[in-house]
Amino acid sequence: MISKPPLTLYLAAPRGFCAGVDRAVKIVELALQKWGAPVYVRHEIVHNRFVVDGLRAQGAVFVEELDEVPDDRPVIFSAHGVPRSVPAEAQRRNMVYVDATCPLVSKVHIEAERHHAEGLQMVMIGHAGHPEVLGTMGQLPEGEVILVETVDDVARLAPRDPSRLAWITQTTLSVDDTAAVVAALQARFPAIVGPAKDDICYATTNRQAAVKAIAPLIDALLVIGAPNSSNSRRLVEVGQSAGCAHAQLVMRASDIDWRALDGIRAVGVTAGASAPEVLVDEVVAAFAERHDLTVELVETARERVEFKVPRVLREPVAG
Ligand code: 0O3
Ligand code: SF4
């Protein structure tokens with residue numbers, strides 16, 4: 001028998017589903033129980049094909065815009081949040097809708113509204129075109145939120161009144177990159193107001209910290225997550241910045257570039273906030289097939305956050 005090469009697999013914790021994703025997936029499942037299929041979902045409920053396919057198999061129909069939903073079927077808004085115009089349109093059409101926006105994204109929406117009510121113009125740090133950014137910017141009238149992505153963007157900002165500004169962020173950004181942008185904003189606009197640190201959520205922060213902890217131990221990092229998942233892509237970048245030159249984003253085990261992993265002695269594995277644990281199990285099993293594997297858990301925090309589903313889905317089904 002040919003012996004398999006030894007490999008230590010450092011499994012980051014926390015990893016995978018956050019409380020907002022857990023709640024959003026539950027909302028779709030409960031809506032299907034309550035109203036039967038089809039239940040429409042505007043945008044991928046979370047950015048993961050396996051989650052989406054699983055819900056589709058139960059009768060969920062995924063669309064990008066509300067005009068693709070018939071008036072007489074319930075619709076769920078994704079965890080990333082929606083511009084104000086979306087629930088407004090659903091109300092105008094008398095539709096049944098449930099908003100699965102993560103409460104930590106809604107918190108940023110409320111922050112933006114509060115600053116706006118005080119007459120401040122907002123600077124949002126985030127990624128152009130991302131649904132969360134579109135949703136948060138869409139809480140306020142056009143021109144009231146200016147988007148910056150980088151330190152260089154800060155130098156180009158031309159606000160209405162540089163002394164009347166507030167900043168907010170997307171929840172899934174790189175903690176370190178964001179700190180640099182915030183510092184640039186504060187240097188250029190000393191009067192700017194904002195959150196104590198940033199609006200990056202606990203789950204994003206914890207997953208990045210866990211990657212930093214395993215980076216010195218590993219030759220390669222695998223992040224399980226989708227290419228359109230902002231928080232997952234940030235985990236790859238955090239791994240690279242922490243010195244792990246070889247970091248791969250993989251949707252599942254079949255995406256692993258084994259050739260690039262040839263000869264390594266230690267690998268790190270984590271998963272984005274929208275990646276289900278079954279995919280982690282699959283990746284670990286794929287390593288176990290090829291290696292004499294030792295799995296070590298590296299736990300840098302324990303998460304106990306849970307969010308309730310909206311009341312309408314907690315009520316017993318009528319009939
Ligand atoms: O925002 P992101 O692309 O990371 O979204 P995912 O991958 O669906 O993960 C959940 C995070 C979220 C809903 C927004 O904070
Ligand atoms: Fe909510 Fe954070 Fe999860 Fe986004 S990553 S859904 S903000 S808990």
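Analyst: Two strands count as paired if DSSP finds at least two bridges between them. The model is a predicted one.

User: How many bridges join strand β2 to strand β3, which run parallel?
Analyst: Strand β2 covers residues 39–42 and strand β3 covers residues 60–63. A pair needs at least two bridges. For β2 and β3, which run parallel, the number of bridges is four.

User: Which residue in β3 stands opposite Val-39?
Analyst: Val-39 belongs to β2, the strand of residues 39–42. Its opposite residue lies in β3 and is Ala-60.

User: What is the handedness of the β-α-β unit that β2, helix α2 and β3 make?
Analyst: Helix α2 spans residues 49–57 and forms the unit together with β2 and β3. With the strands pointing away from the viewer, a clockwise path from the first strand over the helix to the second is the criterion for one hand. The unit of β2, α2 and β3 is right-handed.

User: Which helix does the chain pass through in crossing from β9 to β10?
Analyst: Strands β9 (residues 220–224) and β10 (residues 246–250) pair in the parallel sense over five bridges. One of the bridges has Leu-221 with its partner Ala-247 in β10. The crossover is right-handed, and its helix, residues 230–241, is α9.

User: Which residue has a backbone N or O atom 2.6 Å from an oxygen atom of ligand 1?
Analyst: Ligand 1 is surrounded by 15 residues, the closest being His-47, Ser-229, Ser-230, Asn-231 and Ser-274. The backbone contact at 2.6 Å comes from Ser-230.

User: What percentage of the area that ligand 1 exposes when taken alone does the protein bury?
Analyst: Ligand 1 sits in the largest cavity. Taken alone, ligand 1 exposes 380 Å², and the share buried by the protein is 96%.

User: Is the peptide bond from Ala-37 to Pro-38 cis or trans?
Analyst: Pro-38 lies in the loop between α1 and β2. Omega for the bond from Ala-37 is near -5 degrees. Another bond, from Ala-13 to Pro-14, has omega near 5 degrees and is cis. The bond from Ala-37 to Pro-38 is cis.

Methods
Residues are numbered from 1 along each chain as its sequence is written. Chains are lettered from A and ligands numbered from 1 in the order in which they are written. This is a predicted model: local features need pLDDT of at least 70, side-chain atom pairs count only at pLDDT 80 or more; totals for chains, interfaces and linings use all residues. Side-chain values use heavy atoms; hydrogens and water are left out. Helices (H or I, at least four residues) and strands (E, at least two) are DSSP runs, numbered from the N terminus. A residue is near a molecule or strand if one of its heavy atoms lies within 4 Å of it. A polar contact is a pair of N or O atoms within 3.5 Å; within protein, one must be able to donate a hydrogen and the other to accept it, and residues adjacent in sequence count only if both atoms are side-chain atoms. Accessible areas come from the Shrake-Rupley method with a 1.4 Å probe; for residues, only the protein chains shown count as cover. On a 1 Å grid over the protein atoms alone, a cavity is a set of points where a 1.4 Å probe fits but cannot get out, and a pocket is an open set with protein on both sides within 12 Å along at least five of seven lines; lining residues have an atom within 4 Å of a point. A molecule sits in a cavity or pocket if more than half of its atoms lie within 2 Å of its grid points.
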